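Here is a short briefing on a predicted model. The structure comes first, then the notes.

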Number of protein chains: 2
Amino acid sequence: MSAVAPAVEAVVDAAGAHIRGLMAALEQRLAELAAGHGEVLAGHAGDTIAAGGKRLRPLVVFVAAGDHGDDGQGLVRAAAAVELVHSATLVHDDVLDAADLRRGRSTVVASAGRAMATATGDLLFSRAFAELALNRRRDEVRALSAASTALAGGELLQRADAFDPEVTVERYLRRCELKTAALFEAACRLGALEGRADGARVRELAAFGRGIGLAFQVLDDVLDVSGPPERTGKRRGADLLDGTVTLPLILARQRSDDVARLDLREIAAADRAEAVCDAIEATGALEDARRLALEVVAEARATLPPLPAAQLQALQLIADGVVDRYA
Amino acid sequence: MSAVAPAVEAVVDAAGAHIRGLMAALEQRLAELAAGHGEVLAGHAGDTIAAGGKRLRPLVVFVAAGDHGDDGQGLVRAAAAVELVHSATLVHDDVLDAADLRRGRSTVVASAGRAMATATGDLLFSRAFAELALNRRRDEVRALSAASTALAGGELLQRADAFDPEVTVERYLRRCELKTAALFEAACRLGALEGRADGARVRELAAFGRGIGLAFQVLDDVLDVSGPPERTGKRRGADLLDGTVTLPLILARQRSDDVARLDLREIAAADRAEAVCDAIEATGALEDARRLALEVVAEARATLPPLPAAQLQALQLIADGVVDRYA
């Protein structure tokens, strides 16, 4: 079981004592799910679930729900389902990237091969829906399936656009919405639904989730260029190396003929990512991309409806956290 | 859109005129889903859905439901969801097997690469649950997620046991239940639920589905050894080449020291599959495996509850079809 990360701790404090109980119940439920697969499955799926991460998306589910004084069983299931979908995506991403390490541990693909990792991801996907179905709410299943459809669509879009210098800002943002924002939106939506919010409130919280998710991805892409590696845990320009065209590159190409002339496949082939990161940075594209992300977050904050003070403060701290990128 | 296969036609005739309408509605719904993915997705996910196959599992859904004279919208969604999960599994299987052809067409992995194919499979999985969630029935979502969890579990088990000569009959049957029977069971269960069957009837139909699914897989594994290739569309011993230990091999090892002594990795490495198929066949293991499958089907038939004559006849024809392997 992973401990709650220090920066997440602030959100937990702000949101109220009930959140701590929910986070503990989530870990327990995930541990049960990890243990419950028997035989081979217990190994990889279990390890993946247990390996953790900061449980940011479950936290968003809990905070979006508010404090309703019930036992939160349905809420914990919703949070577990969101985390399972997130884990499934990571496992499949690692297969595609042939990644060796994730969260400091050997990836499933590295330790057990592509086949096991693909099936493990499928299993986690399926378990997510099985878990959520226990809540007996069609609107929740619909929200999660919309998000997981979006995730797969985002992944497809990213692979389709790989090494394509003509990717527009609009298309990039669309990809971020599919790849990242949709699951944050679903996290808020599921929390709001379990928290018995009315239709308008559900939509407002969902929009907040979408905004912070979008900003999260844009800032992630900025960090890929800016580094430093000791902060991000990976080398600068990893996106350039696998041909993923992100906002910093798109903006830099608009600002600099030199960057616009770069052959994306040649950067990857010649392993010139670091130098190109410097060139992108020199155009001021990183500041502009960061500004766009901050505007999206500000907009998300502004659309938050009137809510109990503790809940509102916790949501604001989550937005801060996205900007500070603790997650 | 694929035409209904001739042998399936007999079931359609027996089950009643309403089935023909449902099969047409299914094709229309699948075509809508194929067209509805936009951009890149329309390509691969759409092609996969449209490419068809014999729609055996949707047919099972329809027949299990009986004839209730409603518009069958919920039933069509259930059938579409089952077919989408099946398609998702095939796409991922093709990735793992690096297969070039499926149903006479180029596979997604062959035409678009592993990344696209993995994401396409994920998308189809997600779309299945989105589709089924429209039915607003928690029991249906639970049935499908149980089946898709089982599918992934079966795949994991298969990969974990690859090249392992110590796989027991019990473990092999467990794998077949996960890999194949679970989705046939879900098809029957979903049909029964949409057909407003009571709890006992749902369980009886689900047991029938499980039985024919199990037999289906065992007979598939027999065909892999027996061929002939012109009937199966693939070379004999494909399972041996990828290390999948199936019932014919397990039984042959019990009956023949020569077979028991074979090194499974060496068979694959030296491409001696055809000769080993002959050796397995010579032990009589194929007859025994076939007999086991037929017993399972007989048991499934025997447990069928009293049902309207047309429905009962159609279910019997489906059982016949599994034995004759039209599917």
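Residues are numbered from 1 along each chain as its sequence is written, while chains are lettered from A and ligands numbered from 1 in the order in which they are written.

**Confidence**
- The model scores are pTM 0.82 and ipTM 0.72.

**Fold of chain A**
- Chain A holds 17 helices and 2 strands. These are DSSP runs numbered from the N terminus: helices are H or I with at least four residues, strands are E with at least two.
- Its radius of gyration is 20 Å, close to the 20 Å that the globule rule gives for 327 residues, so chain A is as compact as a globular protein of that length. The radius is taken over C-alpha atoms; the rule is 2.2 Å times the number of residues to the power 0.38.
- The C-alpha trace of chain A spans about 60 × 50 × 35 Å along its principal axes.

**Contact between chains A and B**
- Chain A gives 35 residues to the contact, and chain B gives 35 residues. Two residues are in contact if their C-beta atoms, placed from the backbone, lie within 7 Å.
- On the chain A side, helices H3 (39–51), H5 (73–97), H6 (108–133) and H7 (138–160) each supply at least two residues.

Terms used. Predicted model: local features only at pLDDT ≥ 70, side-chain atom pairs only at ≥ 80, totals over all residues.
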